[in-house]
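Open the model in your viewer and keep the sequence panel beside it. The stops below say what to select and what is there.

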Amino acid sequence: MIISASEEFLFRFVLYKILRKHYRYWPTIMITSLFFGFVLHLNYPFMDNLLLRTPAGSLFSLMTSRLGLQYAISGHWFYNLVVSQISF
């Protein structure tokens, strides 16, 4: 839970607030999602980041802006739980 909360706070609160001062809503969501998918998860395969983590980052950004940060943290925690139980 701590990892989910830390990542969401960094990307959906801190980075989002900084970028939102300079960019519109959708570009800000896309930039934070790309940072989340590719910069934070550099050690994972490119296609996994492109197809899983970047869209998840967009979803978490939308959840934060529409519902609140606590929902994005909960969604991220649930995502991490599900992914940790599935072996690829």
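**Around helix α4**

Begin with what covers the buried residues of α4: α1 (2-20), α2 (25-39) and α3 (46-66) are included in it. Contact here means heavy atoms within 4.5 Å, and buried means under 20% relative accessible area, exposed over 50% and partly exposed in between (1.4 Å probe, protein chains only). Helices (H or I, at least four residues) are DSSP runs numbered from the N terminus.

This is a predicted model, in which local features need pLDDT of at least 70, side-chain atom pairs count only at pLDDT 80 or more, and totals for chains, interfaces and linings use all residues. Residues are numbered from 1 along each chain as its sequence is written, and side-chain values use heavy atoms, with hydrogens and water left out.

Select residues 69-85, which are helix α4. The helix has 17 residues and reaches 25 Å from first C-alpha to last, close to the 24 Å expected at 1.5 Å a residue; the expected span is 1.5 Å times one less than the number of residues.

Which residues of α4 are buried? Colour Ala72, Ile73 and His76. They lie on the same side of α4 because they cover an arc of only 100° around the axis, the arc being that of the directions from the helix axis to the C-beta atoms. Now turn to the face of α4 pointing away from that buried side, where the exposed residues Phe78 and Gln85 sit.

Stay on α4 and pick Ser74. With a relative accessible area of 38%, Ser74 is partly exposed. A C-alpha to C-alpha distance from Ser74 to Leu42 gives 23 Å, for residues 32 apart in sequence.

To see the contacts, show Leu52, Arg53, Phe60, Met63 and Thr64 in α3, which meet Leu69, Tyr71, Ala72, Gly75, His76 and Tyr79 in α4.

Move to α2. Its buried residues include Tyr25, Ile29 and Phe36, and the buried residues of α2 pack against α1, α3 and α4.

Finish at Ile86, in the segment after α4. Ile86 counts as partly exposed, at 43% relative accessibility.

Key:
Helix = DSSP H or I, 4+ residues; strand = E, 2+ residues; numbered from the N terminus.
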